[in-house]
Amino acid sequence: MPVLPPCQQGATLGECIDATVAAFMAATPDLPGAMLSAQSSGATVYRQGYGVIETLGPVPTAENSFQIDSLTKAMTAFAVLRLYEQERILSLGDTLDTYIPSLPNVHWGSIQIDQLLAMVSGIPDISSPTLTYREALAKVAMLPMKFQPPGAQYDYSNSNYFLLGELIDTLVGPSSNYMDYIRDEVLDVFGMPNTGLIDRASAQDPAMPHLQGHPHEGWRDPVCGYSAGGFASTMEDLEAFAIGIANGQVLHEQTYRAMWTNYPLNGGGKGLFGYGWAVTTGADGRMRVQKNGGGYGWSSAVVYTPADDYGPRPSPSASVCVMMNGTGNANALVDDVLTKVIASGMS
């Protein structure tokens with residue numbers, strides 16, 4: 001991770017963010033372009049594109065579509081928790097075989113839904129640019145569990161979220177499916193019309209991904225990533241997502257609190273994740289929730305800190321979103337920019 005510069009004395013927030021992104025891109029090989037946006041108190045306070053969306057192409061805008069890969073998981077988690085609020089999932093502690101009676105691995109049925117959400121199931125990870133998610137799950141089903149019992153330790157795995165997509169499909173079918181449900185209950189509520197399992201041909205103003213410094217025309221088939229990493233989005237939509245979170249849309253307040261609580265491990269201690277998000281504490285002592293996506297020529301991340309109403313200096317909520325058409329440490333960039341948004345006095 002490059003050392004990013006502090007804000008110059010007297011610089012505006014925009015000037016500070018621009019210098020930060022310039023330093024990040026200069027120190028990050030093979031990163032042609034980025035689109036970044038910052039929010040405070042549920043409103044966008046800065047938005048800027050950097051570099052190019054394709055070789056010798058224009059500067060990225062908020063209307064360009066990028067594949068967001070694993071950032072999809074945060075939205076899948078919202079859909080699962082919405083089903084729980086609707087009592088179509090009776091308890092997040094229910095085992096998977098309560099709702100899906102036939103699974104390709106005998107161990108998977110005893111895994112709890114909340115253990116899938118929190119990345120503590122023990123199911124091995126898999127990700128592929130060519131296999132559909134069901135083909136990927138069939139390969140994983142032949143492998144031994146990484147650890148037993150479920151809930152013993154944190155271990156990031158796309159397989160968890162493939163299975164959560166299957167769970168949603170099962171609960172809303174046969175007249176509906178995962179994408180129908182997440183569109184109606186999550187994306188439309190947040191106001192995200194250009195987010196979903198969208199291929200390049202139907203994407204709005206698509207950016208071109210870059211692998212090892214070289215552009216390539218093809219996007220990964222959305223069915224490969226599906227509920228774990230198949231979405232494309234725009235910065236307009238990610239802004240709506242961040243603002244909707246600040247405004248408490250889609251889920252009830254107590255469900256948000258559960259989503260942003262580190263999962264307790266069986267043997268003591270806590271995992272890195274709550275439900276769909278990494279939950280950490282910033283240097284300022286405030287909670288931060290974060291999800292990133294990356295691979296196959298893309299990088300993206302959203303980081304959010306709730307309002308601090310009780311400290312010595314009450315502060316509003318703040319968030320930062322980034323989308324890049326190359327490989328870079330998106331988590332580190334948004335975390336640094338969020339620190340600067342908070343320090344600016346806007347949060």
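**View 1. Strands β8 and β9 of the predicted model.** N292 has A301 in β9 as its bridge partner. Seven bridges connect β8 (residues 287-295) with β9 (residues 298-305), and the two strands run antiparallel. Strands are DSSP runs of E with at least two residues, helices are runs of H or I with at least four, and both are numbered from the N terminus. Two strands count as paired if DSSP finds at least two bridges between them. The model is predicted, so local features need pLDDT of at least 70 and side-chain atom pairs pLDDT 80 or more, while totals for chains, interfaces and linings use all residues. Numbering starts from 1 along each chain as its sequence is written, and side-chain values use heavy atoms, without hydrogens and water.

**View 2. The open sheet of six strands.** The order is β2-β1-β10-β9-β8-β7, with antiparallel pairing. β2 (43-51) and β7 (278-281) each have a single partner strand, so one side of each lacks a neighbour in the sheet. From one strand to the next, the twist averages 15° (axes are lines fitted to C-alpha atoms, for helices over the stretch in contact; angles between N-to-C directions run from 0 to 180 degrees).

**View 3. Helix α1 on the sheet.** Helix α1 (residues 13-26) touches β1 (33-40), β2 and β10 (318-324); contact means heavy atoms within 4.5 Å. The direction of α1 makes about 35° with that of β2.

View 4. G248 follows α8 and has a positive phi, near 70°.
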